[in-house]
There are 6 protein chains.
Amino acid sequence: MFAQQTENPNQEEKQSLSLITETAEEGFEVAIQLARKGVTSTQPDKDVLFMLRDVYSKDPDALIASSQVIAIHFQTVAAANNYWRQENEDQ
Amino acid sequence: MFAQQTENPNQEEKQSLSLITETAEEGFEVAIQLARKGVTSTQPDKDVLFMLRDVYSKDPDALIASSQVIAIHFQTVAAANNYWRQENEDQ
Amino acid sequence: MFAQQTENPNQEEKQSLSLITETAEEGFEVAIQLARKGVTSTQPDKDVLFMLRDVYSKDPDALIASSQVIAIHFQTVAAANNYWRQENEDQ
Amino acid sequence: MFAQQTENPNQEEKQSLSLITETAEEGFEVAIQLARKGVTSTQPDKDVLFMLRDVYSKDPDALIASSQVIAIHFQTVAAANNYWRQENEDQ
Amino acid sequence: MFAQQTENPNQEEKQSLSLITETAEEGFEVAIQLARKGVTSTQPDKDVLFMLRDVYSKDPDALIASSQVIAIHFQTVAAANNYWRQENEDQ
Amino acid sequence: MFAQQTENPNQEEKQSLSLITETAEEGFEVAIQLARKGVTSTQPDKDVLFMLRDVYSKDPDALIASSQVIAIHFQTVAAANNYWRQENEDQ
């Protein structure tokens with residue numbers, strides 16, 4: 001459903017899920033990973049998911065809804081990382 | 001509605017619901033369990049749920065909506081576990 | 001709209017609404033109760049609610065949406081109870 | 001859109017909006033009031049709202065969506081009141 | 001999309017956006033302002049927005065969805081103001 | 001999907017995503033940027049996104065849904081910045 005992320009190829013989803021990341025950018029990748037994980041937990045058949053993606057990726061409502069799920073997960077990941085405050089700012 | 005989880009067969013839903021888990025991965029399983037629990041509390045008839053699942057599992061909107069419910073529960077579970085920070089990081 | 005809960009028959013909705021529970025399981029029941037309360041506050045006519053429930057309980061989207069409302073209330077109840085941490089864990 | 005609340009007739013919406021209440025029950029009333037306030041801020045014409053309510057109150061999706069808005073506001077009100085913890089419990 | 005607010009004519013949206021308000025009532029106005037700002041950031045053409053508003057303001061689902069966006073922003077504004085606790089209460 | 005933001009041309013999305021901003025106004029821009037990032041992570045093809053935007057920008061439901069995603073991200077950004085309290089207020 002969600003586009004496959006290939007930026008963290010070493011991060012195996014099943015074995016080492018962690019909310020802690022070094023940067024906000026990486027945290028956003030985790031949020032996408034979590035959103036995808038929620039979909040595959042409901043529909044594990046990758047062939048069905050592939051068929052649906054064709055319809056889905058051209059449906060604005062589905063795209064926005066996906067963005068919303070990512071946003072909810074990003075809230076979680078950002079809180080887990082204390083918003084990456086110390087990393088970037090002295091605030 | 002949500003795919004049956006079989007990874008924690010010893011965790012009886014009714015008797016020992018706990019938000020505290022050792023890993024984020026297990027926490028995600030609890031989030032899925034809670035989402036499923038919300039559905040069955042509204043429609044307890046498993047035959048009806050089974051019929052609906054056929055329609056449902058091929059509907060991108062329903063899949064994304066399910067992922068969203070899981071995301072909301074995962075926020076709760078992650079907060080309950082202090083985001084599994086101490087486990088993985090010194091942050 | 002939401003299935004009638006009969007597990008806490010002594011808990012009168014109007015007189016003693018409390019977010020504090022002993023277990024996460026009971027907290028989930030309160031979340032269901034709050035979701036139902038939100039529906040009846042908008043449509044108090046129980047006959048109409050009964051008619052709608054027939055349509056509703058066979059609609060996957062409505063079931064997931066209900067599960068989502070429960071999830072939001074469960075966030076509130078879980079926070080109110082400090083996630084039942086002390087009860088189950090030393091964390 | 002939302003059913004008119006008559007339980008707090010002395011609480012004028014415009015002049016004395018407060019999130020602080022004595023009980024969770026009253027807090028839920030404030031959440032309903034806030035949800036209604038959000039609707040009327042977008043559609044202030046009470047005649048239109050009245051016409052729409054007829055359609056709306058028989059639509060399960062709209063009822064659940066209303067319940068969701070109330071749930072979000074109830075999160076805010078409950079946090080504002082520290083979940084009415086001291087009032088009811090020693091936790 | 002959202003009804004124009006005229007109660008704070010001196011508050012220029014672009015120049016002085018602030019989440020801090022003196023009262024909960026004013027905080028609700030900021031939440032409405034933020035919801036409107038989210039819509040105009042996606043569709044800046046005011047003529048299109050005006051056309052859409054005619055359809056929109058008679059659609060219960062859209063009205064409830066708007067109320068939900070306001071509710072989410074009100075959570076933010078209320079937290080920013082520590083729920084206006086000190087102002088109204090000694091809690 | 002979301003209107004291109006040109007106010008922070010120097011802020012490269014991929015390289016320097018940060019939740020920390022000086023003002024609430026800038027924080028809202030980051031929320032819009034995050035919402036757009038969620039959409040493009042699911043549908044990276046900019047031509048498809050462009051085609052969809054024509055339909056999308058005239059659909060009230062999609063506009064409100066977009067505003068909602070922005071609202072969720074703004075919660076995150078506002079929390080990250082401690083609601084810009086010290087900047088504007090002594091509260």
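Hi everyone! Across the interface of chain B and chain A, the rule finds one salt bridge, meaning a side-chain nitrogen of Lys or Arg within 4 Å of a carboxyl oxygen of Asp or Glu. It joins the side chains of B:E25 and A:K37, at 2.7 Å from N to O.

Some housekeeping: this is a predicted model, where local features need pLDDT of at least 70 and side-chain atom pairs count only at pLDDT 80 or more, while totals for chains, interfaces and linings use all residues. Residues are numbered from 1 along each chain as its sequence is written, chains are lettered from A and ligands numbered from 1 in the order in which they are written, and side-chain values use heavy atoms, leaving out hydrogens and water.

Back to the interface. Counting contact as heavy atoms within 4.5 Å, 33 residues of chain B are in contact with 33 residues of chain A. The buried area is about 2700 Å², with 65% from carbon and sulfur atoms; that is the accessible area (1.4 Å probe) that two parts lose on being put together, summed over both.

Now, on to chain C. Where is C:Q43 placed? C:Q43 is in the loop between α1 (24–42) and α2 (46–56) of chain C; helices here are DSSP runs (H or I, at least four residues), numbered from the N terminus. C:Q43 is buried, at 7% relative accessible area (buried means under 20%, with a 1.4 Å probe and protein chains only). Leaving out residues up to four places away in sequence, C:Q43 touches C:V48, C:L49, D:S57 and D:L63. The side chain of C:Q43 reaches the backbone oxygen of D:S57 at 2.9 Å.

Terms used:
Helices (H or I, at least four residues) and strands (E, at least two) are DSSP runs, numbered from the N terminus. Buried means under 20% relative accessible area, exposed over 50%, partly exposed in between (1.4 Å probe, protein chains only). A polar contact is a pair of N or O atoms within 3.5 Å; within protein, one must be able to donate a hydrogen and the other to accept it, and residues adjacent in sequence count only if both atoms are side-chain atoms.
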